[in-house]
Amino acid sequence: MTPATLLAGRKAIVFDLDGTLLDTLTDIREAMSDGLIECGHPALPAGYVLPNLYGAFPAALTSMMADRGVPESDYPAVIAAYGRHYEARAHRSSVPYPGLIAFLEDCRQRGVRLGVCTNKRHAPALQALRQTGILRYFDHVSGCDTVERPKPDPLPLLQALQVLGAAPAEGAYLGDTHVDAQTASRAGVPFLYFRSGYGSPLVHDYPIAASFDTYAELMAGDEMAA
């Protein structure tokens, strides 16, 4: 089944944010480097691959600091510094993935309700969506600090679909990591894997209803109007 066929007739579509809607990696990595420097530690080396882009805040930071040998006693200061630098960057380097806006426009025209379920904190998530011009497409946005239990618990996704007026079988979840796949599996929601995001081999440990590399694939032919 093609991704477009799978999405045909869905009442609601929920998206992960980082690595699915937006490429935010430059802003995240630069803010981490600036936070380290402010606290007296070396900047991240060029080309450094972050070890964890999947967990709820501040798991990505603590994983990076452990990998870079930062003493645990410095974690709170680096986390606070990162937050200041990330906010100051205002997502100036974050961009929607190619073809995304055309797909969002198509969904809205067809009456499909859209939501975001992210392990990013709510305020930065809203800022990222607003700065990149796509917040207006979404009826619901949840962050790791607006739910009782973040992903991979199914609660945030199930709550998002409830707000959007769709049962799990009437919706779909689009994401790029194994945490997204695990969340969808636990919620009983079809998962579409965005292979051009940040990803991990572990994603294949969970059910994948369809995979896609570009958002143009989700609008193939007349399938979305079926």
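Trainee: Is the crossing of α3 and α4 left-handed or right-handed?
Mentor: In this predicted model, helix α3 covers residues 59-67 and helix α4 covers residues 75-89. Where α3 and α4 cross, the handedness is right-handed.

Trainee: How are α3 and α4 oriented to each other, and why?
Mentor: The two helices, α3 and α4, have axes 11 Å apart and pack at an angle of about 125°. Angles of 65 to 115 degrees count as roughly perpendicular and those over 145 as roughly antiparallel, with the rest between these ranges counted as oblique. The orientation of α3 and α4 is therefore oblique.

Trainee: Which residues of α4 are met by α3, and how many residues of this contact are charged?
Mentor: From α3, the residues Leu61, Thr62, Met65 and Ala66 take part, and they meet Tyr75, Val78, Ile79 and Tyr82 in α4. The residues of this contact divide into 7 nonpolar and 1 polar, and the number that are charged is none.

Trainee: Into which domains is the chain divided, and how far apart do their C-alpha centres lie?
Mentor: Domain 1 is made up of 3-21 + 97-218, while domain 2 takes in 25-89. The distance between the C-alpha centres of domain 1 and domain 2 is 25 Å.

Technical notes
Residues are numbered from 1 along each chain as its sequence is written. This is a predicted model: local features need pLDDT of at least 70, side-chain atom pairs count only at pLDDT 80 or more; totals for chains, interfaces and linings use all residues. Side-chain values use heavy atoms; hydrogens and water are left out. Axes are lines fitted to C-alpha atoms, for helices over the stretch in contact, and angles run from 0 to 180 degrees between N-to-C directions. Helices (H or I, at least four residues) and strands (E, at least two) are DSSP runs, numbered from the N terminus. Angles under 35 degrees count as roughly parallel, over 145 as roughly antiparallel, 65 to 115 as roughly perpendicular and the rest as oblique. A crossing is left-handed if the near helix is turned anticlockwise from the far one by less than a right angle, and right-handed if clockwise. Contact means heavy atoms within 4.5 Å. Ala, Val, Leu, Ile, Met, Phe, Trp, Tyr, Cys and Pro count as nonpolar, Asp, Glu, Lys and Arg as charged, and the others, Gly among them, as polar. Domain bounds come from an automatic or database domain assignment.
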